[in-house]
Amino acid sequence: MRIIADKAISMLKEQIIKALFQYRGNTAEQLLCALNPMKYPYGFSKSGGASRRPPKLFKLYTALSEMAAEGLVVKETIPPRNKKYLYSLSRLGLEIAHTLYDIEPGYIGTGFNNDYGQFSFETYQPPRGRLPHHMLLTDFFLQIERLKGEYEKLDCEYRDNRYIAEKYQWSPDELITDKAKTFFFRPDAELKIQDKIYWVEIDRGTEFLEELKNKFEGYDRYLHYLSNENRPLPEGIIFVTEEREQVHGFKRRWKTITEAFFSKTKQWTSRINLSAIPINKVNEFILREAESKYRFNDFAKKIAYYLKPIDEQLRLIDEKSGVPWGNAVFSLTTGSVHDHLFLYERFDGFETRAIARMAEFSSKFSDIKKHVNEFNKVNAITPVFYYHSPGEAISFRIDDKAKLIEQLLSSAYYLDTKGEPIWKNVNGETIHLNNPLII
C-alpha cells in the first residue's frame, strides 16, 4: 500500500492506474487482459455471458467503482449501445500516474519500451467522439503484449500517436519557400518490429473512397518530406480492421483501401507495403514480419532444389540496374534462342508491395534490360509469389495498370513454402510438374 496525494494506492489500484495511463482508457475486460495478458487473450469476453465471467473481472469492477468514488478514474458509456463503460484517469489519477512512473515535468519520451512522457490532461484523454475506434486500437496493443509474453525474444514495440505526431512544412516543388504550407502528420499508432517501422491505421469502415484518398494524399506528402530530409521511410502501412466473419466483406473493403492507396501514393508503392489485417489476425502479421529473414532463407533453400538441375541459383539486381526499390530476386532458365526470367516476391494475401513491384518491373523492363547483360535474351517473365501461410491471389484496384495486374496474377506461380513446397496457379490448383522452372 502506498500513499500518494493523500490517496491509499493498493497494488491492484497501482496496476490499474498504470494500465489506464498506458492505454489512455480501457473497458474492464480490456483491463483484465492488460493485467493478465497470458491468461485472458483477446476475445475471451465473447465466449459467454455474465455467468462465465472470471472472478478477477468482478474484483476489477469493485476496484474501479472505489477509484471512481475517490476521484481517480472517470467512467463513461460507450456508444452506440451504451451497454459498456470506458474507464480513464481523472486529473488527479493522471498526476498519480506521473508519480508512479517517475516522469519529470515536461518530459516527452519516445513512447517505446515504457519510455512515457508527460502530456496535458486534454492530450491524455481518450478521443471522446471516437471511443469504438479507441477500443479497437487498445485491442491491437493488447494483442501485441500477449504475443510478447508468448515469444520472449520477440523484438516488437508500439506507441500511440501522441509520440508520432509531427508538424512540418512542405511545398509541391519540394523546396521550403514562402509558399510552403504547414501540415500535420499523425497516424493512429506506430509499430516497430526489429529495425522496421510500420504506421498503423485503425479502420472501422467508416471512411469512404474520397476520404481514404485524402488520407493517402497526406501519407504521400509526408513520405516526400521524409525523403527530402534524408530520413528513413517506413517498411509499411497497416490497416487494422474489426474482426470480420465474412471474407467477402473484408475483400470489398480491401479493394476500396487499395484503390485509394494506388491513386495517391504511386511513387512509393514498390517501397512501402500496404497491408490489411482483421484485429483477430494481428499475431499472424507480427510473426510474419518478425520472421521475414528466416522465411526468405527457408524459401531460398527450397527453391534451390528446383534451380540446381538447371545449373542456376537465386540472383540479385539492385537500384543501379534501374530497380527503384533496391534488390530484386530472380533466376534465369536459359534456352538456345531465348531465356525465361523468373522474378520472386513474397505475397501473403492482403499486402500490395509484391504485385506493385512485379508491375513496375514489367513496365520498366525495357529500361532495366539495358543495364543487365543477363537479360539480353529474355523474352518472357513469370512472377513467382511465395508465401508461408495459406493464402490466395488477392486482387485490388489499380486503374492505370488493371490489365497488366490481371495478366501478372493469372500467369504467376504461387509457391507455398510452409513444409514441403507446393506449386499452385492463380486458382489455387496444384501444378503437377516435376520442375515448374524448366520451360
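What follows is a friendly dialogue on reading a predicted model of one protein chain.

Reader: What percentage of the 439 residues is buried?

Author: Buried residues make up 50% of the 439. The accessible surface of the chain comes to about 22200 Å², and carbon and sulfur atoms account for 47% of that surface.

Reader: Among contacts between residues at least 6 apart in sequence, what share joins residues at least 24 apart?

Author: That share is 67% in this chain.

Reader: Now to the sheet. How do strands of a sheet pair?

Author: The general idea is that they pair through backbone hydrogen bonds, either parallel or antiparallel. Here, six strands form an open sheet in the order 12-13-14-15-16-17, and the pairing is mixed. Strand 12 (315-317) and strand 17 (422-424) are the edge strands, each pairing on one side only. From one strand to the next, the twist averages 35°.

Reader: Which way do strand 12 and strand 13 run, and how many bridges join them?

Author: They run antiparallel, and three bridges join strand 12 to strand 13 (residues 328-333). To find one on screen, go to Leu 316: its bridge partner in strand 13 is Val 329.

Reader: Which strands does helix 11 touch where it packs on the sheet?

Author: Helix 11 (residues 353-363) touches strand 12, strand 14 (339-346) and strand 15 (378-387). The direction of helix 11 makes about 150° with that of strand 14.

Reader: Is Asp 6 buried or exposed?

Author: Residues over 50% relative accessible area count as exposed. Asp 6 has 75% relative accessibility, so it counts as exposed.

Reader: What is phi of Asn 230 near, and where is that residue found?

Author: Phi of Asn 230 is near 60°, again a positive value in a residue other than glycine. Asn 230 is found in the loop between helix 7 (209-228) and strand 10 (236-241). Asn 230 counts as exposed because its relative accessibility is 70%.

Methods:
Residues are numbered from 1 along each chain as its sequence is written. This is a predicted model: local features need pLDDT of at least 70, side-chain atom pairs count only at pLDDT 80 or more; totals for chains, interfaces and linings use all residues. Side-chain values use heavy atoms; hydrogens and water are left out. Two strands pair if DSSP finds at least two bridges between them. Helices (H or I, at least four residues) and strands (E, at least two) are DSSP runs, numbered from the N terminus. Axes are lines fitted to C-alpha atoms, for helices over the stretch in contact, and angles run from 0 to 180 degrees between N-to-C directions. Contact means heavy atoms within 4.5 Å. Buried means under 20% relative accessible area, exposed over 50%, partly exposed in between (1.4 Å probe, protein chains only). Accessible areas come from the Shrake-Rupley method with a 1.4 Å probe; for residues, only the protein chains shown count as cover.
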